[in-house]
Amino acid sequence: MENTGGSLVRPFQVDLGGVVDLLSRHIYSGAHVYLRELLQNGRDAIAARAKVAGQDGRGSIEIFPVGTVPEAPDEFVFRDAGQGLSAAEAGELLATVGRSSKRDDVLNLRDEDFLGQFGIGLLSCFMVSDRIVVRSRSVHGHPPVEWTGSADGTFAVRELSGAESAGMAIGTEVRLSPRPDDAALLSAEKVLSLARRFGRYLPVEVRVRRADGTWDAVNEPAVFLPQDRPADERSAAGVLEEFGAELLGNRPLETIELSVPATGTQGVAYVLPFAPPPGSRRSGELYLGRMLLGEDLSELLPEWAYFVRCVLNTEGLRPTASREQLVADEALEYTREEIGKALRRWIVQRATTRPARFERFVAVHHLGLKSMAVHDDDLAAAVLPWLTVETSAGRMTVRDYLDQSRHVRYVETVDEFRQIAAVVPPDHPVINGGYTYESDLLRRLPLLIDGVTVEQVQASSILDELAPPPMDDRSSTSALERRAAAVLAELGCDALVRSFRPDDVTALYVADAAAIRRIERTEVRDSAPAVWADVLGGIESSLAGRTGPKPRRTTAQLCLNWQNPMIRQLSGLDDQLVFDRSVRLIYIQALLAGHRPLSRADRTVMTTAMSDLIQLSVGITG
């Protein structure tokens, strides 16, 4: 430490190069945050001055981008009308990174009205400039002071003489000389953009100087906060919707008021008019003391709240060192829980009081609602009746289904549903539970709604419900079963005959989950290289030769419809070649009707049968 010409010169208490690297690479998201840090410091200084007896609390901030200061066109200047600093305060505060008890005592920064940490905030300016000059006049009558910090790791603090301080108002001025690579961040256009982004809702006046000497006003009302809206309810609703449309790029479906008084958190949640892509982050805008903190709200919103974009301001939650995120503490957890409760409460209220609007909401966000309802009984009880499900009788809401029957039947997979949908009686339809969350929700229905029972049915069990052919036809149908089974044996499919509606359905292909897995393993084995085919074959043999009770046969079944005239005619067909070809075509038709993918063997059968049919047709017409 040394004294040169009345100036106190000493090294920083940190390695400045390391600090700047730490700030730019690990703490801050980019060099552009220098302006946010200056705005926070200025806002804090003005708030501190407002607490001094006899002082005007309506301080302002003036920003001069590079090229707008006539006497120094290459400099950036930031001025606030805050409480200012003395020489002792400048030496202590600006040389220390982070919060210190002495600095808290000096500036009373433990008060909840203050956002910044003056030391580290000012050091962020080293990301855009190699030299920082701070001039300040204290509200407490101390002599004006100048603090100069350099990138070589030294700073100097000196009191200004009478001539140097002439005309200095109470407050602080920061001057930066931008490095060539970072000059764009201090240009007029960029500074105005950053000032509006970070500080447009600050409770102090912020304005940016133009090159022609005029000013651009930065501030605007924070309409997402009740106190900044018009008193008239209709006008307030209008500005809220316009604000939401600007945020989302489209008019929101709904606007939800959010308030957590315990942590001073309030704002709005806009319900998206579109379903966001899977995995999209919970975003919006988060302000701390009306200063933009960040646009990622993952810490503050429940995981399931993907269907809203929120704009929130908090006064009580604590920021991290970078002031771009919130500290994960009990207050944050409590606030997240309260916001989740408010969103669930809105959903339940809309479901019970505004059903038409709620149906529109469900139509857009049904997947998210299902994911919420799986883990929330109150929400599930309100939402489930309005969710639309696919049934064998068409799409309908759960409420409409329960109006028909209080006994709910569903299948677990989409494959099973496609196999049986065409033959299930319309007066007792089956629900397709193969979509995300739907089986889980259907199983919970008896716990949520009195008098409801739920049954999971297998595709094979539906066959047991189909009527057998009349006794007088049993000899014909038994022969048909034997002949068709012989044709289909090479395809791993059995045959049986039943009577069912509608008559125009010739056959039904049915394979339960075990049969489908076997078919898929066979297809993979047949298409794999020789080495892997041997491995898969060994697995198949191992599964087939397991000890213990003999497993149920997993052969698929082709159920021929005795009500169909063509099937009746097929049973009396003597030409074995035509019979074989017809059975194979019926088999392929049933596969396609059930949306089953064709295996290599199936495609061979289809190609051969179709070729035979075309040759026969050509021969007949010829």
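Predicted model: local features only at pLDDT ≥ 70, side-chain atom pairs only at ≥ 80, totals over all residues.

Trainee: How many bridges join β22 to β23?

Mentor: Strands of a sheet pair through backbone hydrogen bonds, either parallel or antiparallel. Two strands count as paired if DSSP finds at least two bridges between them; strands (E, at least two residues) and helices (H or I, at least four) are DSSP runs numbered from the N terminus. Here 4 bridges join β22 to β23 (residues 556-561), and the two run antiparallel.

Trainee: In what order do the 3 strands of this open sheet stand?

Mentor: The order is β21-β23-β22, with mixed pairing. The edge strands, β21 (493-498) and β22 (507-510), each pair on one side only.

Trainee: Which strands stand at the edges of the sheet of 5 strands?

Mentor: That open sheet has the order β11-β12-β15-β13-β14, also with mixed pairing. β11 (254-260) and β14 (291-296) each have a single partner strand, so one side of each lacks a neighbour in the sheet. Between β13 (residues 283-288) and β15 (residues 308-314), which run parallel, there are 5 bridges.

Trainee: At what angle do the axes of α8 and α9 cross?

Mentor: Axes are lines fitted to C-alpha atoms, for helices over the stretch in contact, and angles run from 0 to 180 degrees between N-to-C directions. The axes of α8 and α9 (residues 355-373) come within 10 Å and cross at roughly 140°. That makes α8 oblique to α9, since angles under 35 degrees count as roughly parallel, over 145 as roughly antiparallel, 65 to 115 as roughly perpendicular and the rest as oblique. Contact means heavy atoms within 4.5 Å; Ile347 of α8 and Phe358 of α9 are among the residues that make it.

Trainee: Which residues touch the most other members of the largest nonpolar core?

Mentor: Such a core is a set of buried Ala, Val, Leu, Ile, Met, Phe, Trp, Tyr and Cys residues joined through side-chain atoms within 4.5 Å; buried means under 20% relative accessible area (1.4 Å probe, protein chains only). Among its 56 residues, they are Leu258, Phe307, Leu343 and Ile347. Helix α8 (residues 330-353) gives the most to this core, with 7 residues.

Methods:
Residues numbered from 1 in each chain as written. Heavy atoms only, no water. Buried < 20%, exposed > 50% of the residue type's maximum accessible area, 1.4 Å probe, protein only.
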